Amino acid sequence: MNHEPNGLMQYGLFIDGEFTADADTRWIDVFDPSTEAIVGRVADGSVDDAKRAVDAAASASRAWAATPARRRSEILRNCFELMVREADNIAQLISRENGKSLADAKGEVAYAAEFFRWFSEEAVRINGDISTSPSGAAKTIVQYQPIGIALLVTPWNFPAAMATRKIAPALAAGCTCILKPATETPLTAYYIAALLVEAGVPAGVVNVVTTSTAGKVCNVILDDPRVRKLSFTGSTEVGRILLRKAADAVINCSMELGGNAPFLVFDDADIDVAIEGAMVAKMRNGGEACTAANRFYVQRGIAETFSKRLAQRMGALVVGDGVNATTQLGPLVNAGAVSKVQSLVADACAKGARVLVGGHRVERTGHFFAPTVLTDVPPNADLLRDEIFGPVAPIVVFDTEDEAVEMANDTEYGLMAYVFTKDLSRGMRVADRLESGMIGLNRGIVSDPAAPFGGVKQSGLGREGAHHGMLEFLEAKYISTNW
Ligand code: NAP
């Protein structure tokens, strides 16, 4: 059960359709990165709680898989309607626990809700096929079945959307699940869980377990042979740990991992479009997005104008408490994130980069870093290799298309890349050559529940959204027969 002593939100673990807490419950405090004040607390789940969650998911599994697709679809549609109804409350909550601006939080809620709508439509389109084998000896019937109980592990940067991007396809496919939200931002997940009850999701179909011991709790879930799926979004480093663990049990994995998106601007780009695109690609979520433009490669003829205009726009952003309606850039998620961004900027400057704007912390309570543009960034600067995850735009100048593509691909990641040019054939040619799961061609944002989201190289395995997202929770079964 959740209640609000002293105005603070409090959630017990959500297992088998109920929020559970008792006198022995240990709690995790949740902080507002804008004020550093406590905004709520959630139960600290143990290994035994994790086992209870798997039991609940297992008990609900058969009935949910047998629920007609039309009914599953209607329940998912209810989830969409309820998220839309609650959009303002959820946005406030996201902004409080994550720090992002209210405008970004509202955008996230709209995006998150759309996964329920999209997968309510997909739930009734789980189609198999039938063919005759090449020898003519048999008929081949292929049908899809739910893969089984799924463990869903999500990060703090999109507390609502990363949860619904997994829950919605899992439920559409007929799977039950256990969601393990990030410890920094767990309140939003529980708020959504309460909406799922109202929407008609049966007890045990979705369970939410927060914990201060993610490794132990996830391990015990993955050790249970009833669990057949791991869907993870987070850092490549933790993704590798979980892949190793999943290998022991041969569990099907979908991994949405880190990024290091290049943002290419050619001389012939529409400069207004490129600047707008840069602001969205860099600053959505304050730079704390896996899709965030991490490296700007700008052709020499346009580089000075682009750099000046980007610095003007970045310098004019209103920095403040995430929930203030006027805020355009909120804080980073915690003190560690600020230190990391600061050391990356210091490293680049020590190696020769020049600060056009920002370059420092903002001196006030909370975890703020000033919007920053760096130019003359040398190739050995760490921020060209690491995810910055903050409001810093490093600019590197290039001369030829080949050089731009080579520098863009010079990374272990391959999630997102942006290309700005008015020459469509150049745009398509470069898009073909970029080693990236997703390309924004003259667009600074590509996220869309109806499109397959995901990366190549060390950015992940599998896709979320689109029809592809539901296939990740389905297993093909083939029946050979003749008549
Ligand atoms: P993270 O540190 O990898 O954590 C992600 C989740 O994994 C959290 O719930 C975390 O729990 C949990 N976790 C940590 N260690 C674990 C372990 N040993 N075993 C099982 N679970 C464990 O990532 P983050 O800092 O929250 O998120 C930022 C990262 O996510 C960035 O790299 C970003 O690029 C990536 N991301 C990728 C996408 C995409 O679609 N490709 C989307 C969004 C974010 P705790 O919170 O309790 O540590």
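This is a predicted model: local features need pLDDT of at least 70, side-chain atom pairs count only at pLDDT 80 or more; totals for chains, interfaces and linings use all residues.
Residues are numbered from 1 along each chain as its sequence is written, and side-chain values use heavy atoms, with hydrogens and water left out.

A pocket is an open set of points on a 1 Å grid over the protein atoms alone where a 1.4 Å probe fits, with protein on both sides within 12 Å along at least five of seven lines; lining residues have an atom within 4 Å of a point. Of its 41 lining residues, Trp-156, Phe-232, Gly-234, Ser-235 and Val-238 are the closest to the centre. Because domain 1 (9–257 + 459–481) and domain 2 (261–441) both contribute to the lining, the pocket lies between them; the domain bounds come from an automatic or database domain assignment. Helix H8 (236–249) supplies the largest share of the lining, seven residues. Helices (H or I, at least four residues) and strands (E, at least two) are DSSP runs, numbered from the N terminus.

Polar contacts are pairs of N or O atoms within 3.5 Å. A polar side-chain atom of Thr-183 is placed 2.4 Å from a ligand oxygen atom, and a polar backbone atom of Thr-154 lies 2.7 Å from an oxygen atom of the ligand.

Technical notes:
A polar contact is a pair of N or O atoms within 3.5 Å; within protein, one must be able to donate a hydrogen and the other to accept it, and residues adjacent in sequence count only if both atoms are side-chain atoms.
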